[in-house]
Amino acid sequence: MACILHIETSTDVCSVAVSEDSHVIFEQTDRTGPNHAERLGTFVDEALSFTDNHAIPFDAVAVSGGPGSYTGLRIGVSMAKGICYARDLKLISVPTLELLCVPVLLREMVEEGALLCPMIDARRMEVYAGVYDRALRPVREVQADVVDAETYKTWLDRGKVYFFGGGAKKCMETINHPNACYIDGIEPLAKWMQPLAERRLMQEQTEDVAYYEPFYLKDFVAKMPKKLL
């Protein structure tokens, strides 16, 4: 298997983890606000010291690839690239919305045929969301949505849909469909990146360190309907 350094900075939470052979062996998390520039370097130094002291060589660095905070993603990706260059490591990008699905699949009883709808909060009644099946196959691509009673009706009419992440509270206030299920307390954390990062590494789905850029929320702007702008 592999030893991977995981960096997650897509929201106000800053977290770093190290996994080895499918087990998380180091973790640090800060929830005190958007202070990634201050906390991330310390967490990474601690992670590198931990693995160096235990003579554990890294195989790759995984970073949350968005969508998410422009500033947060820039800080995380810059740090990940620097480590990859310095230690000649592979770079893995983990989509943030897929990452949000991991704790749901691990901790919740998601029935056969149910869909997952992870959300990142945006301004007003807007969210950035994707729709996935239980195997994390995309049912609908990630896009910007204005949340109202009809937004996800197509999928809700077919069966259970689980809403979670920072934008789910907006759905709770607006969508009362009997198939809508809400899960609180789901946030993107570095420790949840492990299964997704290992799978990408085994499948050789790595990034070009020199040219990689994350999926910024601003990338939606050109695609958004005029009524959202």
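Which backbone oxygen lies 2.8 Å from a polar atom of the side chain of Thr151? In this predicted model, that atom belongs to Val146. Thr151 sits in the loop that runs between strand 8 (138-146) and helix 4 (153-156). The side chain of Thr151 also reaches the backbone nitrogen of Asp148, at 2.8 Å. Leaving aside residues up to four places away in sequence, Thr151 touches Asp145 and Val146. Buried means under 20% relative accessible area, and Thr151, at 19% relative accessibility, therefore counts as buried.

The next stop is a pair of helices. Helix 1 spans residues 36-53 and helix 2 spans residues 70-87; their axes come within 10 Å and cross at roughly 30 degrees. Angles under 35 degrees count as roughly parallel, so helix 1 and helix 2 are roughly parallel to each other. The crossing of these two helices is right-handed. On the side of helix 1, the residues that meet helix 2 are His36, Ala37, Leu40, Gly41, Val44, Leu48 and Asp52. Their partners in helix 2 are Gly72, Ile75, Gly76, Met79, Ile83 and Arg87. Sorted by class, this contact has 7 nonpolar, 4 polar and 2 charged residues.

After helix 6 comes Glu204, which has a positive phi, near 60 degrees.

Terms used:
Residues are numbered from 1 along each chain as its sequence is written. This is a predicted model: local features need pLDDT of at least 70, side-chain atom pairs count only at pLDDT 80 or more; totals for chains, interfaces and linings use all residues. Side-chain values use heavy atoms; hydrogens and water are left out. Axes are lines fitted to C-alpha atoms, for helices over the stretch in contact, and angles run from 0 to 180 degrees between N-to-C directions. Helices (H or I, at least four residues) and strands (E, at least two) are DSSP runs, numbered from the N terminus. Angles under 35 degrees count as roughly parallel, over 145 as roughly antiparallel, 65 to 115 as roughly perpendicular and the rest as oblique. A crossing is left-handed if the near helix is turned anticlockwise from the far one by less than a right angle, and right-handed if clockwise. Contact means heavy atoms within 4.5 Å. Ala, Val, Leu, Ile, Met, Phe, Trp, Tyr, Cys and Pro count as nonpolar, Asp, Glu, Lys and Arg as charged, and the others, Gly among them, as polar. Buried means under 20% relative accessible area, exposed over 50%, partly exposed in between (1.4 Å probe, protein chains only). A polar contact is a pair of N or O atoms within 3.5 Å; within protein, one must be able to donate a hydrogen and the other to accept it, and residues adjacent in sequence count only if both atoms are side-chain atoms.
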